[in-house]
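This briefing goes through one structure by topic. Have the sequence and the coordinates open while reading.

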Amino acid sequence: EKNGVADDPLGFFMMDDRRQLTEDLIQARLILEPALAALAAQNGSEEEIKDLERILEELEKLIRDKKDYSEKDSQFHAQIATCSHNRVMTNLIPVITEGVRVFADSVEETEYEQTLLSHRRILKHPDGRGEDARQEMYFHLMYNHNRYRIGS
């Protein structure tokens, strides 16, 4: 199947070294998403935070049922970008998280419990405590990065 620009706006499918691409995507998330979580904690409206909570509840149900939650996880991170009120990140984060989801297939065992805990901790800070949200997102992404490195 041939991918077009709309399907792959950053050209991920044209890159040969999938392992390096995944490492680069994870690194980009580590650079961007902790700051985004801080902005979301500071800028998210009450309605946007309720949407984030709803997505998290749906994600948690999938995790409890031990079902594939990767799409809902991407929605969670995209909603954090929405809460940040940064329109560039609102468009960029879904592309990056989808890229990681597609290319990081070398981690064999899904980590349910840590994902539940990490997402709850990130959501715990929609009260303007941006630095706490930043730190929780950083820990979450580093945990996943380390799992990827060990699994690949």
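**Helix packing, confidence and selected residues**

In this predicted model, helix H2 crosses helix H3 with a left-handed sense.

**Packing of H2 and H3**

- H2 spans residues 46–64 and H3 spans residues 70–84. Their axes lie 9 Å apart, and the packing angle is about 165°.
- Angles over 145 degrees count as roughly antiparallel, and H2 and H3 are therefore roughly antiparallel to each other.
- On the H2 side, the contact is formed by Glu48, Ile49, Asp51, Leu52, Ile55, Leu56, Glu58, Leu59 and Leu62.
- On the H3 side, Lys72, Asp73, Gln75, Phe76, Gln79, Ile80, Thr82 and Cys83 take part.
- By residue class, the contact of H2 with H3 comprises nine nonpolar, five charged and three polar residues.

**Confidence**

- The mean pLDDT of the protein is 82, and 84% of the residues score at least 70.
- H2 has the highest confidence, with a mean of 93. The lowest is found in helix H5 (residues 112–123), where the mean is 77.
- Where pLDDT is low, predicted coordinates should not be read in detail.

**Glu23 in helix H1**

- Glu23 belongs to helix H1, which covers residues 18–43.
- The relative accessible area of Glu23 is 13%. Buried means under 20%, so Glu23 counts as buried.
- Apart from neighbours within four places in sequence, Glu23 is in contact with His145, Tyr148 and Arg149.

- Most residues other than glycine have a negative phi.
- Lys66 sits in the loop that lies between H2 and H3.
- With a relative accessible area of 53%, Lys66 is exposed, since the cut-off for exposed is over 50%.
- His85 is located in the loop between H3 and helix H4 (87–103).
- The relative accessible area of His85 is 47%. This value falls between the cut-offs of 20% and 50%, so His85 is partly exposed.

Terms used: Residues numbered from 1 in each chain as written. Predicted model: local features only at pLDDT ≥ 70, side-chain atom pairs only at ≥ 80, totals over all residues. Heavy atoms only, no water. Axes fitted to C-alpha atoms, helices over the stretch in contact; angles between N-to-C directions. Helix = DSSP H or I, 4+ residues; strand = E, 2+ residues; numbered from the N terminus. Parallel < 35°, antiparallel > 145°, perpendicular 65-115°, else oblique. Left-handed = near helix turned anticlockwise from the far one by under 90°. Contact = heavy atoms within 4.5 Å. Nonpolar A, V, L, I, M, F, W, Y, C, P; charged D, E, K, R; others polar. pLDDT = per-residue confidence, 0-100. Buried < 20%, exposed > 50% of the residue type's maximum accessible area, 1.4 Å probe, protein only.
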